Amino acid sequence: MHEDLLNGLNEPQREAVLHTEGPLLVLAGPGSGKTRVITRRAAYLARTVVAPRHILAITFTNKAAREMRERIESLEVDRGMTVATFHAFCARMLREYHDVAGLPRNFTILDREDRRKLIKQAVEECALHDANWAPGKIEPVISRAKNALQGHADFTESASDWQARQIAKIFEAYETLLTRMGGLDFDDLLMRVALMLEKNASFRDQLENRFRYVLVDEYQDTNLAQYRIARMLARDRENLCATGDPDQSIYGWRGADIGNILSFERDYPRANVVKLEENYRSTKRILAAADALIASNVHRKAKTLWTQNAEGARVRVTEFETSDQEAKFIAEEIRRLSDEGTSPKEIAVIYRVNSLSRGIEEAVLRAGVRYQVARGVEFYNRKEIKDVLAYLRLLVNPADEMSFLRAVNTPPRGIGDTTVDRLVQMARSSGRSVYETVMGGGLEGLGRSAGKVRQFGELLRLLGESLAKPAADAIAFVVSQSGLRAHYGQVVDDEGSAMGNLDELISAAAELQSERPDATLVDWLEHTALQSEVDSVKSEGGRVTLMTLHAAKGLEFDVVYIIGLEEGLMPFFREDMASDEEEERRLCFVGMTRARKSLTLSLARFRMIRGRFERSVRSPFLRELPKDQLEWVEADDEEPDARREKKSSRLPDDIDEWSVGTVVQHPLHGLGRVIGMTRTRLTHVDVEFDDGSTRQWVLEYAPLTRVELESQADCD
DNA sequence: AATATTCCCGTTTTT
DNA sequence: CGGGAATATT
């Protein structure tokens with residue numbers, strides 16, 4: 001029975017689909033048909049064991065959730081299953097149990113920009129407005145704390161040094177601001193639910209009874225909060241199915257804990273473990289190379305990746321003299337491939353850091369290849385969109401001061417900083433919100449601006465009418481009445497017309513309305529807050545894709561180029577910051593396993609970094625690849641032997657002996673003195689010579705000799 | 001309020 | 001080198 005769900009599955013895949021009771025861990029290698037297995041398993045559960053409404057499937061991205069939902073629905077299963085991201089699930093629960101959670105019903109969800117603004121405000125309130133306390137530095141600290149279920153109180157308690165205590169103060173001020181505005185940031189959604197599940201037995205019982213079968217996809221990417229949520233939901237029944245691949249855990253820096261998946265069997269001793277090791281994506285050689293690389297990791301569960309696919313071509317390693325040559329070669333090859341009939345959308349260029357995209361973009365443009373950069377320029381982060389959202393958020397949650405401050409003079413209506421400051425002062429001294437201050441009377445103190453502020457109050461009153469309308473109508477009403485339509489009517493930038501984006505926003509709302517007729521404006525705001533991209537922004541036409549290794553996870557292409565296989569870039573590291581070499585290796589593994597038929601790893605001996613060419617060293621990862629699967633291509637022409645001679649570099653120990661003031665000898669320029677030294681990935685020295693000229697070198701490779709003076713010799 | 005200028009800084013970013 | 005943000009200028 002239910003043969004349709006088992007059709008075309010291999011043995012371990014079947015086993016996973018048919019496992020219904022108790023904990024299950026599906027270790028799914030790249031290209032092993034994981035999505036197929038989990039959607040069929042969900043369908044099987046729903047058909048044979050339990051009503052769909054008792055099944056909860058959690059993903060990390062909206063895209064994954066959407067895809068899973070669609071695929072499950074296509075398997076003839078009744079609707080009613082909850083398929084959501086961790087964040088959406090938590091938001092929904094907090095909305096539903098807002099009184100238990102002690103939250104206002106209409107709490108606002110802050111995105112990263114909002115959070116940054118609020119942290120900035122917190123920094124200012126702590127009178128620390130130095131550059132040392134850039135919100136961008138504080139934000140990840142707070143975020144990591146929350147992901148590890150540390151609230152500001154815990155953080156304060158464990159703050160040992162001065163710096164940590166300052167951050168603790170900012171953290172606390174930030175929390176106060178959040179509470180005052182009735183806001184939650186992304187991390188709060190998870191933390192709140194995790195803590196409630198642990199502290200509130202009745203809440204946990206209700207949820208556990210409702211979600212009797214839980215599935216968590218990409219389990220290797222769970223942080224502590226997410227781990228605990230899964231744990232508590234499945235505490236008694238242990239009907240938890242975790243799927244993922246420790247070898248593809250690449251978000252440790254964001255709090256994801258690979259230990260969660262590695263210790264699944266310890267957490268759930270009854271667990272059935274299924275390994276999906278057959279790869280349906282790549283050629284034998286690509287898979288063998290990737291498998292050999294990842295084998296160097298210690299922190300993993302051994303898997304034997306294999307495939308029935310063709311052997312294929314060797315993995316190519318191309319080495320260029322400069323990054324310009326690298327880019328040109330790749331661009332021209334892509335040009336040729338697409339002329340020969342390879343669809344550009346089957347080609348990807350992947351890199352470790354976004355800054356590497358530029359060189360490729362320029363070259364690809366010159367070669368006449370159409371491309372798209374898959375970067376996170378999110379639709380909902382566009383200025384005009386956030387302007388409208390500010391109005392809507394303010395209407396729904398008048399305590400949302402941030403939105404008030406944005407809306408009050410957008411579009412410009414002559415309410416300047418001074419007036420706004422005074423309004424805020426008035427609000428503070430009366431203990432009311434700014435919104436209430438404007439809506440109440442007593443604005444005389446504002447002098448000439450009072451009229452304009454009153455007018456704004458009238459506008460808000462008028463816009464308040466839209467709360468009763470369906471979301472799409474409400475948005476349209478706000479866009480026109482607020483003056484945003486007039487303001488943005490003509491604006492067109494490189495991302496398209498602002499008004500076009502606003503119209504798109506309206507139609508997206510209409511779409512949601514037709515799917516969920518009972519959706520309120522609050523629901524819609526929640527939906528947009530948790531949705532970074534929008535369907536229509538998806539790849540149009542046949543374009544080559546340029547993206548980071550992180551962005552490449554989950555995708556596949558016939559032809560893949562990974563560029564910058566150089567020490568410091570891949571694996572990425574900086575002298576001053578520790579990096580996780582195994583995670584870097586996993587990242588490389590993820591990149592390699594994106595390729596179906598052709599994989600090229602490329603490097604350049606000199607790379608343009610911030611406007612200057614820097615000497616680079618081959619990535620140690622290249623040495624870990626099996627030679628018999630590789631084809632080395634020395635793509636450079638000039639004086640290969642001369643280069644090889646020069647490759648010996650100065651050792652770190654020696655470099656430590658150098659400092660400003662060191663006297664040096666250069667074969668051409670003679671005696672000089674070091675007047676500047678910067679250490680980054682490599683060490684740059686500025687040397688001043690007797691004739692007054694200054695020159696710069698990369699110390700590791702410069703033909704400079706240190707001249708010992710007597711006074712320096714003493715130090716030895 | 002819009003525009004010019006300077007200064008700082010520089011991984012990855014599912015929500 | 002180049003983007004973003006904080007200043008300075010008109």
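What you're looking at is a predicted model, where local features need pLDDT of at least 70, side-chain atom pairs count only at pLDDT 80 or more, and totals for chains, interfaces and linings use all residues. Residues are numbered from 1 along each chain as its sequence is written, chains are lettered from A and ligands numbered from 1 in the order in which they are written, and side-chain values use heavy atoms, with hydrogens and water left out.

Let's start with charge. Side chains of opposite charge can pair when their charged atoms come close. The term salt bridge stands here for a side-chain nitrogen of Lys or Arg within 4 Å of a carboxyl oxygen of Asp or Glu. By that rule the count comes to 60 salt bridges.

Take D4 and R47: they form a salt bridge, with their closest N and O atoms 2.8 Å apart. This pair links distant parts of the chain, since D4 sits in helix α1 (residues 3-6) and R47 in helix α3 (residues 34-48), 43 residues apart. Helices here are DSSP runs of H or I with at least four residues, strands are runs of E with at least two, and both are numbered from the N terminus. D4 has 38% relative accessibility and counts as partly exposed; R47, at 26%, is partly exposed too. (Buried means under 20% relative accessible area, exposed over 50%, and partly exposed in between, using a 1.4 Å probe and protein chains only.)

R335 and D339 stay within one helix. Their salt bridge has its closest N and O atoms 2.7 Å apart, and both residues lie in α17 (residues 323-339), four residues apart, or about one turn of the helix. R335 is partly exposed at 30% relative accessibility, whereas D339 is exposed at 53%.

Now for R596 and E346, whose salt bridge brings the closest N and O atoms to 2.3 Å. R596 lies in strand β18 and E346 in the loop between α17 and β12, so this pair ties together parts that are 250 residues apart in sequence. E346 counts as buried, with 19% relative accessibility. Elsewhere, salt bridges that share partners join R112, R115, R116, E139, K146, E175, D185, D187 and D188 into one network.

Strand β18 (residues 595-609) is also the place of R605. Is R605 buried or exposed? At 9% relative accessibility, R605 counts as buried. The R605 side chain makes a polar contact with the side chain of E321 at 2.9 Å, and another polar contact, of 3.5 Å, joins the side chains of R605 and E634. (A polar contact is a pair of N or O atoms within 3.5 Å; within protein, one must be able to donate a hydrogen and the other to accept it, and residues adjacent in sequence count only if both atoms are side-chain atoms.)

Finally, have a look at helix α19 (residues 383-396). Its axis and that of helix α27 (residues 521-529) come within 10 Å and cross at roughly 135 degrees. (Axes are lines fitted to C-alpha atoms, for helices over the stretch in contact, and angles run from 0 to 180 degrees between N-to-C directions.) Where the two helices meet, L389, L392, R393 and V396 in α19 touch L521, V522, W524, L525 and T528 in α27, contact meaning heavy atoms within 4.5 Å. The axes of α19 and helix α26 (residues 498-515) come within 9 Å and cross at roughly 50 degrees. There, E384, I385 and V388 in α19 meet A498, N501, L502 and L505 in α26.
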